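The sequence and structure are shown first for reference.

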Amino acid sequence: MLPPPTHTHTHTHTLCLSGSGQNPDHVLQGTGVKHGPDSRRPGPDSTVEPEDAERFLSCYCSGHCPEGAKNSTCMTNGQCFAIIEEDENGDVFLSSGCMKYEGSHFQCKDSQYAQTRRTIECCQSDFCNRDLKPELPPESTEMPFGPHWLAFLISVTVCCCTLLCISVVCYYRYKWQTETRHYHRDLEQDEAFIPSGESLKDLINQSQTSGSGSGLPLLVQRTIAKQIQTVRLIGKGRYGEVWLGRWRGEKVAVKVFFTREEASWFRETEIYQTVLMRHENILGFIAADINGTGASTQLYLITHYHENGSLYDYLKLSTLDTQALLRLAYSAACGLCHLHTEIYGTQGKPAIAHRDLKSKNVLVKKNGTCCIADLGLAVKFNSDTNEVDVPLSGRMGTRRYMAPEVLDETLNKNHFQAYLMADIYSYSLVVWEMARRCVTGGMVEEYQLPYYEMIPSDPSYEDMLQIVCVKGLRPTVSNRWNSDECLRAMLKLMSECWAPNPASRLTILRIKKTLAKMVEAQDIKI
């Protein structure tokens, strides 16, 4: 078979059609006109518009021949075309003819949305359309509906999405309003449960005399927790934040734990609610509660509020005299002694080791005495089973205050006495911080943390191990301490508490008795 002839200036356009479109008949030649040989091409100086130009192109016509056409020939000033189309019944027709210049360029491109499947091809040389063989485009599956249907579907989709969003917003708004109503209803019921006029002191006294001695009933705790109004942030640490709050006009401290510190919250709540735990030198526990909002969980621990803040903050701003020093040291020893001591009985108290004793975890009360706080790492000892109850929390104590046996990992974790002796070492560093701020002979040192001149501000285990265990160093002492009787006695006490060998350290009961004698000698009232 011979290849199809090549035509110069031939333009072929094939389109897939499936919508409403234009019929090419309106630009086809309607009548045949005879032209002489001189009139087939416009002259070089012609100023006639293309659409008005004499017809100079001869085309083959079939199915679209104008009247008077001879030998299936027509003439045009536009283009020759061949078209194949499918009617509504699926019958295919091939026809050809002449197309006027006017609109031919657009018509040859045809419309994307013709009602029937068809393909039109155009060319611009004599009888070029005789050899054009247009083919029907493949049936399109991309757009089963027209552009109007597409617009309709998009509109419906957008409306459905908008309606869905509005429904979701309305649902959550309704849910929030319902929870708020329930909360206020519960609050009103709870307020009825706690008679108006009852103070925290009254409630705590009632629980101690009529209850088990393990704190307020859980319902009362939850009631108080719901009714507290937070006022301002007063502290922040690795465990969470501390806020000043108010309950019926009384100031309270609200400790909000980070979610990751749930184990610490649980442990501290458990320790505070231990039978016979309440003591004037242990931070007063009021309530604990969990507030879950779905997206997050807030863990609350509510305690007494002490406006002087921690011993760390107090010593930075205040200096001490001898009486103030002994009052702080003795009251801290009393609190630690109550923790360490086991109380036997039907409802006894287990011995407890703090494990994170430092100046930031000791609070200063209005009367100048101390109370011990932050029991999230505390260890309990069950004398009946001889077991050490260690918390599940992954937290460790503060490196700066860790005893040598903790740093070099020689502490016997199954022997409870080892934890008590580690507390004694930490206590000695706290007393050192107090002694530095005691004025004698008009002299006093500025406040510093233990080992301040030997280690970085945030020391690593290796830093502390090198200083405390390898080099055997202890916090430096000023020469003036030896010239004052009270500071000299305090220095002797410290030295016996920070001894490298845990067995050589004083017990907290011995420390308490030694300080009690000093307090009595100074005629200090605590």
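How are H11 and H12 oriented to each other: roughly parallel or roughly antiparallel?

1. H11 and H12 are roughly antiparallel, a term for angles over 145 degrees. Helix H11 (residues 485–497) and helix H12 (residues 508–521) pack at about 180 degrees, and their axes are 12 Å apart. Axes are lines fitted to C-alpha atoms over the stretch in contact, with angles taken from 0 to 180 degrees between N-to-C directions. Helices are DSSP runs (H or I, at least four residues), numbered from the N terminus.

2. On the H11 side, Cys486, Ala489, Met490, Leu493 and Cys497 meet Ile511, Thr514, Leu515 and Met518 of H12; contact means heavy atoms within 4.5 Å.

3. The model is predicted: local features need pLDDT of at least 70 and side-chain atom pairs pLDDT 80 or more, whereas totals for chains, interfaces and linings use all residues. Residues are numbered from 1 along each chain as its sequence is written, and side-chain values use heavy atoms, without hydrogens and water.

4. Cys334, in helix H7 (residues 322–340), is buried at a relative accessible area of 8% (buried: under 20%, with a 1.4 Å probe and protein chains only). Leaving aside residues up to four places away in sequence, Cys334 touches His279, Asn281 and Lys512. Cys334 and Leu509 are 175 residues apart in sequence, yet their C-alpha atoms are 8.5 Å apart in space.

5. Phe152 belongs to helix H2 (residues 147–193) and is partly exposed, with a relative accessible area of 46% (partly exposed: between under 20% for buried and over 50% for exposed).

Methods:
Helix = DSSP H or I, 4+ residues; strand = E, 2+ residues; numbered from the N terminus. Parallel < 35°, antiparallel > 145°, perpendicular 65-115°, else oblique.
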